[in-house]
Amino acid sequence: MKKTIFSLMLGLATLAFIASCSNDDNAPTNDPTCTDGIQNGDETGVDCGGSCTACPDPDPDPTGMEVDLAGDVTEDTSLDAANTYTLTGAYVVKAGAKLTIPAGTTITASGGTAAFIGVERGAQIDIQGTAAAPVIMTSADTTPGAWGGLVIAGDAPTNKGTDVTTEVGDLTYGGANAADDSGSIRYLRVEYTGATFSNDKEFNGVSLFGVGSGTTFEYVQSFNGGDDGIEFFGGTVDGNNLVSIGSGDDSIDFADGWAGNGSNWYIAGGAKAGIEGSNNGDDGDAVPTTTTTLSNITVVGPVSEGALFFKEGGGNFTVDNFYTSGIDLGINVKDTDSEANLRIDSDALVITNIQFADTAEGFAATNYAGANTDFYTEGIATGAGNGAASPDWAAGWTTGLDNSTAATSENLAGVVTGDVTLNASTEYFLTSGFVVKEGGSLTIPAGTTIKASGGTAAFIGVERGAQIFINGTASDPVVMTSEDTTPGAWGGLVIAGDAPTNKGTDVTTEVGDLTYGGTNAADDSGSITYLRVEYTGATFSNDKEFNGVSLFGVGSGTTFDYVQSLNGGDDGIEFFGGTVDGNFLVSIGSGDDSIDFADGWAGNGDSWYIANGAKAGIEGSNNGDDGDATPVTTTTLSNITVVGPVTEGAIFFKEGGGNFTITNFYTSGVDLGVNVKDTDVEAGVRIEANALSINPMQFDAPATGFAQTNYTGANMSFITVGDNTGAGNGAAQPTWASGWATGF
């Protein structure tokens, strides 16, 4: 029932007073009538103190009063969370007055189109919600568009001019005070807003017209509104920790020279754009230009007008850590919007670390068709905190986020600049180059699958000074593969380190354009265990191709164990200098050499299984430009299996070779054991100097025309023939390869 607060009076006069109170409460004013259910005038409590009678003892009935809200607030007024408030019409805080709404207050609109809360320029609103007790503005009618919402007018600049009228509510806004203070709004939820004001004007959830930077606006949600969720019309106010769910138009919109910034926006289920960012609908070049920095943004689709609609001249936007899920278009730019296109061409729109997850059918990162194709860069993003899932900071005070779950697939591209860990339950699509930058780290847990879909441009790179941690297991390896199962379908894994090579220091990787080479033999590029790469070897240029895994100047501090290349278009695994060891390696079906090392590699290798490579089983070189370059390739290899056929030998001692000691080397089905070109003078000199020693080497089931070696020099004792088990089981799959390797 509707409760009436009354003074402590006796007798029949008391009954008469009660009746009058009921009438007043239905239409509250800001005069100190002591009967409107609101603290106003000189009252020290709700309807008591000051010129009213003394405040009574605490009311034993915690349900409070039922109070209708409508009309003007002309003096400082405080609501009471114990009361039940019904918004029956326009309720406007007039200039010079302040409306305070404490934590836990609920206001329920019942006035339809006419019901909204307005704050005039020069007035203030203080919404004091908390995560545990937000302020809620809702509606008895749960249809989107059932009421108006919250409209705030300020004195900050806009490119619509000064002393202009709000699109809805007929409030005057706009001025020259960038620091204008319209109050503080924290932990507010507005629901079912967006009532139609006229044929071409609709309320939003919260509308901020020329609101200044002195205003606090954070932890605000719009839920199931009929129009935009939250919209900034010029002004300088920042908006942080915003949530927009189920908007009937754009989820969050800003325009008219807005110069605030935003962080932590979670958007889902909007009908049109996730974010619509405009300059001016009448003049795309109007000043001041919309200028903003946004960070930590999540947009969960579907969307019909893009995750971001850069519109009506756009503006100057810098956006970082932008996560999208379930969208078909990332950045929407109409080709007829000449001002917006011109701004993109002049680098006024910069988006870094945008990630596309669970992309919808027909997905495009952008429909922009201009010359500046690098205005956005992909990367790993967490968005508002948890990618597509509800952010932690939204817990408790928001609604409608329960259906937001983690993405099942995410695109990988761009750069990693911090410490990033992937999720084994997510399927990753590698759409382009994905590079871990110096100082960053990428951790890939056991069981993770990364599937390349970007063709030649798709590769994973690790810069010198960066690290990668691939934590596969025998039962749950990390798999880097391709949607296209043709050898050469994508690039592979490229790691650059700071260890010595005989190519020099600060040189550029053959593929991927990473800098490598230094003086730190113990350099640590991370740890790689139980990794399988498939269908790699994309052609980077006419004379440069990716391998399965390429290690450029990688140091001995790096772990590189239990790695397989399967059906690559070029070499399976290749060491370009460096000092890293490689143990328990498998290369099957390589389009060139199976395992290759060169350029002064000074690591060692144990337990290598090689089969069905097109050329050499192992190609061991010193330097293709100078066979005597130093440091000289020097290695000890043990427990090696090469299963043919091969066309360039079980091992090709090439381009000066180096200092090799090989034990327990098993071959099967090869026609040539050790290949040494008679024109390779430096390689021949090294063999004569006993720099190559293989003992024992077994030739099982040799092919037609078999020869142990084609070397014709004097020293024929560098090979000692004898039986051995090679990688463990001769030509058969070694037991250590069980479970994680394939293709035997």
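Trainee: What should I keep in mind about numbering and about which parts of the predicted model count?

Mentor: Residues are numbered from 1 along each chain as its sequence is written, and because this is a predicted model, local features need pLDDT of at least 70 and side-chain atom pairs count only at pLDDT 80 or more, while totals for chains, interfaces and linings use all residues. Side-chain values use heavy atoms, with hydrogens and water left out.

Trainee: Why is Ser 278 called buried?

Mentor: Buried means under 20% relative accessible area, whereas exposed means over 50% and partly exposed lies in between (1.4 Å probe, protein chains only). Ser 278 has 1% relative accessibility, and therefore it counts as buried. Ser 278 belongs to strand S21, residues 275–278, and, with neighbours within four places in sequence left aside, its contacts (heavy atoms within 4.5 Å) include Phe 254, Lys 311, Glu 312 and Phe 317. Across the protein chain, buried residues make up 58% of the 744 residues.

Trainee: How do you know that Asp 337 counts as buried?

Mentor: The relative accessibility of Asp 337 is 10%, so this residue counts as buried. Asp 337 is found in the loop between strand S25 (329–332) and helix H2 (338–345). Leaving aside neighbours within four places in sequence, Asp 337 is in contact with Phe 310, Lys 311, Glu 312 and Gly 313, and its C-alpha atom is separated by 11 Å from that of Phe 309, 28 residues apart from it along the chain.

Trainee: What makes a set of residues a nonpolar core, and which residues have the most contacts inside the largest one?

Mentor: A nonpolar core is a set of buried Ala, Val, Leu, Ile, Met, Phe, Trp, Tyr and Cys residues joined through side-chain atoms within 4.5 Å. The largest has 67 residues, and those with the most contacts inside it are Leu 150, Leu 188, Phe 217, Phe 232, Trp 265 and Ile 351. A second, separate core has 66 residues, including Ala 458, Leu 493, Ile 528 and Phe 560. In soluble globular proteins, nonpolar side chains tend to be buried together.

Trainee: Where is Phe 223, and why is it called buried?

Mentor: Phe 223 lies in strand S16, residues 216–223, and at 12% relative accessibility it therefore counts as buried. Not counting residues up to four places away in sequence, Phe 223 touches Val 190, Glu 191, Tyr 192, Ile 245, Thr 399 and Gly 400. Between Phe 223 and Val 643, which are 420 residues apart in sequence, the C-alpha to C-alpha distance is 64 Å.

Trainee: What is the phi of Tyr 562, and is Tyr 562 counted as buried or exposed?

Mentor: Tyr 562 has a positive phi of about 60 degrees although it is not a glycine. Tyr 562 lies in strand S44, residues 559–566, and its relative accessibility is 18%, so it counts as buried. Ser 607 likewise has a positive phi, of about 65 degrees, without being a glycine; Ser 607 is in strand S48, residues 605–611, and its 6% relative accessibility is why it counts as buried.

Trainee: Which residues does a cis peptide bond join, with omega about 10 degrees?

Mentor: That bond joins Gly 301 and Pro 302, and Pro 302 lies in the loop between strand S22 (291–300) and strand S23 (308–311). Another cis peptide bond, with omega about -5 degrees, joins Thr 630 and Pro 631, where Pro 631 lies in the loop between strand S49 (618–621) and strand S50 (634–643).

How values were computed:
Helices (H or I, at least four residues) and strands (E, at least two) are DSSP runs, numbered from the N terminus.
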